[in-house]
Amino acid sequence: MAHDAHAAADTRRGPRPRREVTTAFVVSRVAVLAVAAALLLYAAPPLVADGSWVSLTLLCAASAGIAYLYLTRRFVPAKYLIPGTVCLLAFQVFPVLYTVSTAFTNFGDGHRGDKQAAVSAIETGSVRQAPGSPEYALTAALRDGELVFLLVDPKTKQVQAGSGQGLAPVTGAQVGVTGKVLRAPGFTVLKAPEAAARGQEISKLAVPTSGGVIKANGLSRAVEGRAALVYDAACDCVNGEGGPWKADEARGYFVNARGDHLAQGWQVNVGFGNFTRVLTDPTISGYFLGVFGWNLVFALASAGGTFVLGMAVALALHHPRMRGTKIYRIALILPYAMPSFAMLLVWRDMFNRDFGLINQLFGTNVDWLGQSGTARAAVILVNLWLGFPYMFLVTTGALQAIPRELTEAASIDGASPWYGFRKVTLPLLLVALTPLLISSFAFNFNNFNAIQLTSEGGPFPAESPQVGATDLLITYTFRLAFGAGGAQFGFAAAISVFIFALVAVISAVAFRRTRKQEEVYA
Amino acid sequence: MRKRAMGAAAHLAALSALAVAVTACGGGGDKAAPSAAPTGSSGATAPAAQGGKLVIWADPNRVKALKPFAEQFGTDNGVTVEVKEISKDNQQVFLTASQQGSGPDIMVGAHDWIGNLVQNGAIDPVNLTEEQKAAFPEIAMKAVTFNGQVYAAPYAVENIALIRNTDLAPDAPATIEDLVAKGKALKEAGKVKEVLCLPVAQKGDAFHVYPIFASGGGALFGATSTGDPDPKKVLVGSADSVKAFDRLKELGEKGEGALKTSITNENYIATFAAKKCAFLISGPWAMGDVKKGGFPYDITPVPSFKGGKPATPFVGVQSFFVAAKGKNKALAQEFVANYVTNKDVAKALYAADPRPPALTAALQEVQAADADAGKFMEAGKNGFPMPAIPEMAAIWEPFGIAEAAVVKGGDPAKSAEAAQKAIDSSIKN
């Protein structure tokens, strides 16, 4: 895409011949086509294997469309719009839609699959070995091409043939030391690899008996078992132990008269259930305002603090009399260049009361991450350290773009350096940097790592263990959705929708104000 | 069709695109080739490779130990066996992949996953014969049994114990009081920095503190009629548990100073290995670092309070599961039920990662060479299998926070009550 832009610049500069084949033009074309071809080659085989013909058709159509678009001379604007649009759809629109649609379901632990999968899990899980029944040694064999089980009772050494029709005694079979049948008249005994090849057939074969069914347990043993729970489509319920368990389509569980439910559930649509839970659950709504307030403070302090610090350093280095700026710049960028994951963990250990560097250095005994005030200061400090090099970099860039004549003119007119900065440099900087500040705010508003890897949201007051002093909305809700009740993707999605709405509103307001500001200075 | 379009466009770009497409095809072919090759060669040694493929997922520690056995099993049965390494969030990765149909046939993991795996329909029961069951200690079989069904084949049992530096503390403490007294004396004499190395951290650590909590009379769940933990009876806020939290407070920062939030999972083993504390409460996974410390040590059960209840540690059982959505279930059952429950496999897994083998016969052999395994097993003999019910997920955090709060000197009754409330509300949902 960068090459595309390049090509665009090239064509604009030239006297617009009908077709000029520049290197950039060729490279950009090749790049787009190669990506499209690579995607097709990568995605087609699994789709074919899966038999998803609709997806395959769509994929082929899209690839063909892209190939046509970039090989024809027409549709020039579309050539520039398509890559961005495809990325927008794939990385923005689709995840948002998927999240929103998940928010209306109870998708999560216990409700991952569909009802049929739950029923089959319930039935398989309830199969118990018939009391007193033998654990047969199993030999898979063929009789007239049909799979049968040769079952040897380990005690009596009696051999029986089991098929879909039931059990029948076998005479004249030769049994080896391991209890497996070596040969039997009328049967072709399958060798281990042959039996393994028919693994799926073997697991499916059920030999009916008076007490239940005999099923293979692996390739060398078979047991007689009976399902304690059986699904009955007529009443849409599961009969057996503790039952009847009636299907409750609102909750995605089989429920009995006592209100208990079977462990295995299925995914159902719960409408606005997740959203109302966010709004009405006292452990969520009760803490919301407090968490939201601190979240705003954290995001503003992080975005504002990094900006002020980064700009101050950039201004200092921008001064014409400053020497050794290169070395300073390299040193200042270091925190930005280091992996933030590792740095956050290092900072966490530095704040340890008894083993941490900070207390050792200052000879203090502060439980930094153990008290709400110091913990909040600590996470903001860490985030400041991690974030200011970025602001320093962008401010340095923006400062280079401001002509020195402007500040010189201001000082000739008698403006103090501070006045000149406030009235000339800062407004010009802000025009360039406000969008970055807003995105920095939005990023820090959801800065999960900065909290989770340092304070984990703590310290937690003993009287309300659900919410910690440094919890952001995102860390708090992450714990709600994935901590206590296993993974609750539906609920998590509903919370994401709320946070998305919050950040979107704040950012929209901020951008609107920026636009006004730009109109003033433009 | 695309080649024709390119020909029609007939300029440099198209030619280059074609070249790229061709190289891309070539690349794809190259990639396909090596994956096809092993199938071909194993087909030569094992006549019927059409038996398909058995896929096993395990954590990085165990992959290497499993490989030779997996290959042996593959040759015996004429199948290809692939052992794949999953390094993070194994349970979630397994669940998600299973649901999509891209999961393994066999999963290696901890027994306390069972509740969650069962409620997601991700694993099948494993049928072990009476003889096979008898080869394992009772606690291992109890751990892998859920709702009256055996859901896994155990291969290693692990629990925490008291590891002490015998240079500093020659005698095993009989009670927690003795342990604290000895630790404090050593600290006052300047020989150690900490009384006891037991991780608490800012969010508490229910796993490591549980034996002490249990000895103080505390409990997490009541029991059902079958003796399993009953999710409907959460006892974290009960009067007995409050008393146990009170004992933890006495040991805490405002009391004896044996439990401290500054001791965390990251530093507790290192601190012990650096001889900065004489007592460590940890499991077999600490032994690598402890041995590097280069001092004599001994492993004994976690002591109980004087006149208190037994200090029962949680017992975790590492196991093999048969995936319910696996493509080759008969083979998976065969591998798990009849092949893994074999002494040599257990010993190889022990060599790769020294967690005491679950098989009694394997443990006996391992013990002869390495006494630690037997000592850990002894320490966990009266242990409590970590509850496998899904509701256990609701316990860890509120319990830990209550623990950290009382260790810092908070009010036990209030902390326990708040924890109980938090647990109840998340179980209800």
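Biologist: Which domains does the assignment give for chain B?
Modeller: This is a predicted model. The domain assignment of chain B gives domain 1, made of 50–158 + 316–385, and domain 2, made of 161–312 + 389–428.

Biologist: How far apart do the C-alpha centres of those domains of chain B lie?
Modeller: The C-alpha centres of domain 1 and domain 2 of chain B are 29 Å apart.

Biologist: And how many residues of each are in contact?
Modeller: In chain B, 16 residues of domain 1 are in contact with 13 residues of domain 2.

Biologist: Which elements of domain 1 give two or more residues there?
Modeller: On the side of domain 1 of chain B that touches domain 2, those are H5 and helix H16 (371–379) of chain B. H16(B) gives the most to that side, with 5 residues. By class, that side of domain 1 has 5 nonpolar, 5 polar and 6 charged residues.

Biologist: Nice. Switching topic: how many residues of chain B are in contact with chain A?
Modeller: 72 residues of chain B, and they meet 64 residues of chain A.

Biologist: Which element gives the most on the chain B side?
Modeller: H2(B) gives the most to the side touching chain A, with 9 residues. The elements of chain B giving two or more residues to this side include helix H1 (2–9), helix H2 (12–45), helix H3 (60–77) and helix H18 (412–428).

Biologist: What classes do the residues on that side divide into?
Modeller: The side of chain B that touches chain A has 31 nonpolar, 29 polar and 12 charged residues.

Terms used
Residues numbered from 1 in each chain as written. Chains lettered and ligands numbered in written order. Predicted model: local features only at pLDDT ≥ 70, side-chain atom pairs only at ≥ 80, totals over all residues. Contact = placed C-beta atoms within 7 Å. Helix = DSSP H or I, 4+ residues; strand = E, 2+ residues; numbered from the N terminus. Nonpolar A, V, L, I, M, F, W, Y, C, P; charged D, E, K, R; others polar. Domains from an automatic or database assignment.
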